[in-house]
Amino acid sequence: MADLWKYTLSELDLTAEDGIAVEACIRSQWLSMGPKTQEFEATFADMVDAKHAIAVSNGTAALHLALASVGVGSSPDDEIIQPAINFVAAANMTCALGATPVFADSISFIDPTIDPKEIKAKITDRTKAVVVMHFGGYACQMDEIKSICSEHEIALIEDACHAPCQPYSGKLGGHLGTIGEIGCFSFFSNKNMTTAEGGMVVTNDDEHAEKIRRMRSHGMTTLSWDRHHGRPSTYDVVMHGFNYRIDDLRASLGVSQLSRLLENNEKRRERMQEYAGAAAALASNEVQFIFGDRPKDGTGHVAGVIVPIQKRDAARLKLSELRIQTSLHYPPIHKFSAFERFSSAQLPIAEEFARSMITLPMHANLNKGAPTEIINSLNECLKAA
Ligand SMILES: Cc1ncc(COP(=O)(O)O)c(C=O)c1O
């Protein structure tokens with residue numbers, strides 16, 4: 001990969017300590033969910049100041065469990081308001097539960113998070129929940145969104161997959177993922193911290209925590225680890241559930257990764273600031289850096305720019321010729337084939353955003369100076385496009 005790209009989109013931050021942590025788990029002879037998972041959960045809960053953290057097999061499982069726990073799917077009429085600009089996981093889990101996604105528009109091109117005004121306008125008596133997504137680890141307008149959801153007694157779920165351990169600078173304070181009823185995180189390999197595949201659900205609500213723990217493991221009342229230790233030797237199945245368990249191998253990696261997460265988030269923020277400054281310094285005005293007005297206020301998971309639509313694809317091609325890898329976050333969900341029945345939704349900002357954005361390289365080990373070089377290269381590519 002290093003040979004193919006001069007600047008890769010994302011890069012793993014794996015150290016010798018991570019390897020030692022995983023090896024220690026192998027030596028312990030206990031690989032499935034057990035003491036390391038408990039340590040991972042307790043450390044994560046402590047870092048985001050949540051009462052409960054429940055580790056699961058991936059971020060999509062976290063969203064599935066969160067939606068199920070707030071009762072999504074108990075009526076075939078359930079509607080879930082959520083952003084059109086998001087990874088497809090929340091929308092897929094909404095449909096898997098037999099509910100209907102109601103897509104909402106973004107605030108603006110430089111703040112693609114869900115617009116609270118759209119949430120307000122789309123609430124009906126069928127709305128069961130709102131899912132927000134902290135794009136790139138930058139907070140949605142949670143003060144306003146929480147107050148809308150409280151007023152209408154609608155569950156609020158946070159897709160915080162891009163935002164592990166990000167403090168919220170709004171009035172409500174706390175950490176992203178802990179402001180709504182339930183928060184969901186992903187530890188997929190391109191995330192700010194990884195367990196290869198993995199996820200976490202956080203909540204301050206005891207009932208949700210108990211339900212989600214049960215649903216994570218088939219609705220069973222005990223785990224193998226408990227039974228192995230003779231407490232107790234049998235179990236009941238008290239509700240329908242899934243196998244969304246993580247394992248101690250990945251939890252060991254998670255604990256080790258967590259020890260560097262805050263430092264790595266800060267490194268990303270510094271690169272975001274450099275990107276924002278380099279984009280603002282261009283004379284052409286053709287590059288707007290997403291969250292360029294608050295680059296240090298998020299986890300820096302995604303470095304995105306807005307460029308003129310008619311030049312976007314040619315500029316991406318030219319960047320790849322310069323061995324600078326790019327991507328797109330995200331195609332709007334209502335335009336995917338499987339969501340065709342929603343394709344006529346009026347979401348002008350989301351649609352134009354998706355046609356004009358480019359995701360640029362970002363990871364904790366991106367060199368100082370690289371963002372400036374990448375923005376200047378993009379500017380040259382735009383001139384030639
Ligand atoms: C915003 C967002 N939501 C949900 C997910 C799903 O997480 P996972 O891939 O761990 O299932 C991802 C990550 O891929 C994501 O970026």
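Helix H7 is followed by His218, a residue whose phi is positive, near 65°. In this predicted model, the helix itself spans residues 206–216, and its buried residues are His208, Ala209, Lys211, Ile212, Met215 and Arg216. Among the elements that cover these buried residues are strand S1 (52–56) and helix H3 (59–69), together with strand S6 (182–186) and strand S7 (199–203).

The chain is divided into domain 1, residues 16–256, and domain 2, residues 261–384, and the C-alpha centres of domain 1 and domain 2 lie 26 Å apart. Across the boundary, 27 residues of domain 1 are in contact with 34 residues of domain 2. The side of domain 1 that touches domain 2 is made up, by class, of 16 nonpolar, 9 polar and 2 charged residues.

The largest nonpolar core has 110 residues, and Val201 and Val305 are those with the most contacts inside it. Helix H9, residues 248–281, supplies the largest share of this core, namely 10 residues. Because domain 1 and domain 2 both give residues to this core, it lies between them. When neighbours within four places in sequence are left aside, Val305 is in contact with Ala279, Val287, Gln288, Phe289 and Ile290, as well as with Met357, Ile358, Leu360 and Leu378.

## The surroundings of the ligand

The ligand is surrounded by 13 residues, of which the closest are Asn58, Gly59, Thr60, Cys161 and Ser186. By class, this shell around the ligand has 5 nonpolar, 7 polar and 1 charged residues.

The buried residues of helix H11, which runs over residues 348–356, are Ala350, Phe353 and Ala354. Seen down the axis of H11, these buried residues fall within an arc of 95°, so they line one face of the helix. What covers the buried residues of H11 includes strand S10, at residues 357–360.

Helix H12, residues 370–384, contains Asn376. Asn376 has 14 other C-beta atoms within 10 Å and is therefore partly exposed, a class that applies when the count falls between the limits of 12 or fewer for exposed and 20 or more for buried. The C-alpha atoms of Asn376 and Ala281 are separated by 9.8 Å, although the two residues are 95 residues apart along the chain.

## Backbone exceptions

Most residues other than glycine have a negative phi, and most peptide bonds are trans. Against that background, the peptide bond from His329 to Tyr330 is cis, with omega near 0°, and Tyr330 is found in the loop between helix H10 (309–321) and H11.

Cys165, which is not a glycine, has a positive phi of about 65°, and its place is in the loop between strand S5 (155–159) and S6. With 22 other C-beta atoms within 10 Å, Cys165 is buried. Asn285 likewise is a residue other than glycine with a positive phi, near 65°, and is placed in the loop between H9 and strand S8 (288–289). Asn285, however, has 8 other C-beta atoms within 10 Å and is therefore exposed.

Notes:
Residues are numbered from 1 along each chain as its sequence is written. This is a predicted model: local features need pLDDT of at least 70, side-chain atom pairs count only at pLDDT 80 or more; totals for chains, interfaces and linings use all residues. Domain bounds come from an automatic or database domain assignment. Two residues are in contact if their C-beta atoms, placed from the backbone, lie within 7 Å. Ala, Val, Leu, Ile, Met, Phe, Trp, Tyr, Cys and Pro count as nonpolar, Asp, Glu, Lys and Arg as charged, and the others, Gly among them, as polar. A nonpolar core is a set of buried Ala, Val, Leu, Ile, Met, Phe, Trp, Tyr and Cys residues joined through C-beta atoms within 7 Å. Helices (H or I, at least four residues) and strands (E, at least two) are DSSP runs, numbered from the N terminus. A residue is near a molecule or strand if its C-beta atom, placed from the backbone, lies within 6 Å of it. The arc is that of the directions from the helix axis to the C-beta atoms.
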